[in-house]
Amino acid sequence: MNTERMKSLGKKRSVIRELFEYGNKRKAEIGAENVFDFSIGNPSIPAPKEFSEELCRIITEENPISVHGYTSAPGDFFARKAIADDLNERFGTDFSADNLYLTCGAAASLTVSLSAVVNDGEEVILFAPYFPEYTVFAETAGAKIVTVPCLWPDFDIDFEKLSESISEKTAAVIINSPNNPSGAVFSEECIEKLGKILSDAEKKFGKKIYLISDEPYRELVYDGEKVPFVTKYYNDTIICYSYSKSLSIPGERIGYILVSPKNPDWKELYAGICGAGRALGFVCAPSLFQHMIPKCAKMTSDISLYEQNRNLLYGALSEMGFEAVKPKGAFYLFLKTPGNDAAEFCERAKKYEILVVPSDDFGMSGFVRISYCVSAEQIKRSLPAFKKLAEEYFR
Ligand code: PLP
């Protein structure tokens, strides 16, 4: 059973990867400038200059045996302490190095966390739209997926449906704010309410229900939007973070898991995280980038450029008649497909060399995801093509 599942996962690429590969093929055929590839969330803004300087300094000045060697399994103490200090300073929290486990990005943070908290046959609740890989990660940990659709138009949590969906089988709930693909950011009031519902459910069912907060886009917010720090609102929180997007280094594979010390059983949970990391082979995250953390934990790429892209794309597409909610964060625009058939819309878009991702794999029909972490020039060049597409629907 397991081998067959792995084969089918390997054979069937995610719809995002499929489009990305198609885009590469088209670019080779007709020239990169003629393909409007909005398929993948690969940052287009370089890492900060100070980041590159620190990388050079470490490689040239520090002891190579230590820089390229094994670290302790959960990560180097100084890297973990630097993260705890940074979070405490920014969010007024009280974390220590012992609450942190360094990983190869958010994907590893999620698979390790889910393995640590899910027993076979338990359930994991996802809010749709969600990052498609959650289903793969949760099912691999032995969970059954329960989906709770978010409310249109703001993509807020449907608390009534959530309450109906929680049961004695619920092991974890995953949230992702700022959200891929909707760009929504949950408000403080929303997180507070979520925390209250989960606390009540823990009492009712006499068990832990973990809130796994997947936060690779935490720093990518616009118009002064604030992302509530989730451990303040719910003790059984696990934060899965990644530097992939904030520092534009997705290929370097570095991130962390944070367990909240406000959970009275956090040491047991942390032992489970270490055990899952060991069982899955995710010990000792990339050492070079652990060395980078003390200097770089606070840095971000120039996020204002994504904000400009958002304004440009959202403004132009709205003017053409398309409907979307203005994203508050991340770098995706979730566009309602006129006609409600996302797959058909994507095929029509391809005729104009526009590559966008249909929403069905995000657990929701009738939308497409447009990744605007591309150059502003690409967005500008794509607008006449979008206009032709709009004319097909709105003339
Ligand atoms: N979670 C979400 C919501 C994402 O969008 C991504 C990547 O795009 C990941 C997790 C995985 O992040 P990483 O590249 O750090 O593993």
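The legends below describe close-up views of a predicted model. Local features need pLDDT of at least 70 and side-chain atom pairs count only at pLDDT 80 or more, whereas totals for chains, interfaces and linings use all residues. Residues are numbered from 1 along each chain as its sequence is written, and side-chain values use heavy atoms, with hydrogens and water left out.

**View 1. Packing of helix α5 against helix α11.** Helix α5 covers residues 77-91 and helix α11 covers residues 287-296; helices (DSSP runs of H or I, at least four residues) and strands (runs of E, at least two) are numbered from the N terminus. The two axes are 8 Å apart and meet at an angle of about 35 degrees. Axes are lines fitted to C-alpha atoms, for helices over the stretch in contact, and angles run from 0 to 180 degrees between N-to-C directions. The crossing of α5 past α11 is left-handed, that is, the near helix is turned anticlockwise from the far one by less than a right angle. From α5, the contact (heavy atoms within 4.5 Å) uses F78, A79, A82 and I83, and from α11 it uses Q290, I293 and P294. Of these residues, 6 are nonpolar, 1 is polar and none is charged; Ala, Val, Leu, Ile, Met, Phe, Trp, Tyr, Cys and Pro count as nonpolar, Asp, Glu, Lys and Arg as charged, and the others, Gly among them, as polar.

View 2. A side-chain N or O atom of N180 is 2.8 Å from a ligand oxygen. For S242 the corresponding distance from a polar side-chain atom is 2.6 Å, and for K245 it is 2.9 Å. The ligand taken alone exposes 390 Å², of which the protein buries 91%; accessible areas come from the Shrake-Rupley method with a 1.4 Å probe.

View 3. P129 sits in the loop between β3 (123-128) and α7 (133-140). P181 belongs to the loop between β5 (170-175) and α9 (188-205).

**View 4. Backbone at F155.** F155 is not a glycine, yet its phi is positive, at about 60 degrees. The loop between β4 (144-149) and α8 (159-165) holds F155.

Notes. Polar contact = N/O pair within 3.5 Å; in protein donor to acceptor, adjacent residues only side chain to side chain.
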